Amino acid sequence: MNIQSHRMSQQHLQFSMIEGLIPLKADPRQFEFRPEGVTEGSERDTLEFELKIKCTWNKDSQNESTRADDMYKNNNVYSKHIKWLPIGDQASIYKESDVGPIHDDILIAKMRPGHELDLKLVAVKGLGRDHAKFSPVATASYRLLPDIKLTREVEGEQAELLQRTFSPGVIGLKRTADGRKIAVVNNSRYDTSSRNVFRYDELKDSVVMTKIRDHFIFTIESVGALKPEVLFIEAVKELRSKCKTLMDELNHA
């Protein structure tokens, strides 16, 4: 497992339907994996939904518009049309707003009069290594913390130029006691390693750019079921678990 993607460490509840995946708000930590070979779900490992919708002509339309939204009713099927069907005592534990689709406006299908959907949808907990549908589309990455030091005093117009060569917030301007404007490092964290400063002969000897090798900055996205900070903690737990498994195997080899 690596932290570059939480796909391997983060379990997800979602179902595949029509032409894509509908992510759910349900917290996967509150559900169990369905036992292998079991086809009937239980309240502990399954969420069930239904989608019943029919496209009809819009008889209330008062104009001659040829727009589909004016001519038809329910011509666009969205995730908001999915209804939760509680299993067992799930209704006393969860609310539909806690387990339903993350977004209400996910387009599922386009229909015309005579088209109808009557579906039962089943969501189970799974891992990306078992099937790609359990792999979230959110991304995660990391970088080393930049370390920027000025080797000499840069003042006046050169200080302003130095500030412009870096990302906003990296270099600041400070007034000295005698009124001179000098450049100072405000926050190296904002640097994107563009190295634009080395394009200027008058500035390239004024700065040293390195990385702090043991300081990592993680950027983690989430599709919404769990917050990014929770995903990171869960990934670390998974990494520790796998390290322990490896050490146990080596000790008993």
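These legends accompany close-up views of a predicted model. Residues are numbered from 1 along each chain as its sequence is written, and side-chain values use heavy atoms, with hydrogens and water left out. Because the model is predicted, local features need pLDDT of at least 70 and side-chain atom pairs count only at pLDDT 80 or more, while totals for chains, interfaces and linings use all residues.

View 1. The chain has 5 helices and 13 strands, where helices (H or I, at least four residues) and strands (E, at least two) are DSSP runs numbered from the N terminus. Its radius of gyration is 28 Å, whereas a compact globule of 253 residues would have one near 18 Å; the radius is taken over C-alpha atoms, and the globule rule is 2.2 Å times the number of residues to the power 0.38. Along the principal axes, the C-alpha trace spans about 80 × 75 × 30 Å. Of the 253 residues, 36% are buried, a class that means under 20% relative accessible area, with exposed over 50% and partly exposed in between (1.4 Å probe, protein chains only). Among contacts with a separation of 6 or more, 69% come from residues 24 or more positions apart, a contact being heavy atoms within 4.5 Å.

View 2. Strand E11 (residues 171-175) and strand E12 (residues 181-185) run antiparallel and are joined by 5 bridges; two strands count as paired if DSSP finds at least two bridges between them. Lys174 has Ile182 of E12 as its bridge partner. There are 5 residues between the strands of this hairpin, where Gly179 takes a positive phi near 90°.

**View 3. Helix H5 and what covers it.** Helix H5 (residues 228-251) has 24 residues and reaches 35 Å from its first C-alpha to its last, close to the 34 Å expected at 1.5 Å a residue; the expected span is 1.5 Å times one less than the number of residues. Leu231, Glu234 and Ala235 are buried in H5, and the cover over the buried residues of this helix includes strand E13 (207-220).

View 4. Lys244 and Asp248 form a salt bridge whose closest N and O atoms are 3.1 Å apart, the term requiring a side-chain nitrogen of Lys or Arg within 4 Å of a carboxyl oxygen of Asp or Glu. Both residues lie in helix H5, 4 residues apart, about one turn of the helix. An α-helix has 3.6 residues a turn, so residues three or four places apart point the same way. Lys244 is exposed at a relative accessible area of 55%, whereas Asp248 is partly exposed at 31%. Elsewhere, salt bridges that share partners join Asp27, Arg29, Glu234 and Lys237 into one network.

**View 5. Two further salt bridges.** By the same rule the count comes to 17 salt bridges, including the one between Asp60 and Lys73, with closest N and O atoms 3.3 Å apart. This pair links distant parts of the chain, 13 residues apart, with Asp60 in the loop between strand E4 (56-57) and helix H1 (68-71) and Lys73 in strand E5 (residues 72-73). Asp60 is exposed, with a relative accessible area of 53%, and Lys73 is partly exposed at 36%. The side chains of Asp147 and Lys149 also meet in a salt bridge, at 2.6 Å from N to O, and Lys149 is partly exposed, with a relative accessible area of 47%.
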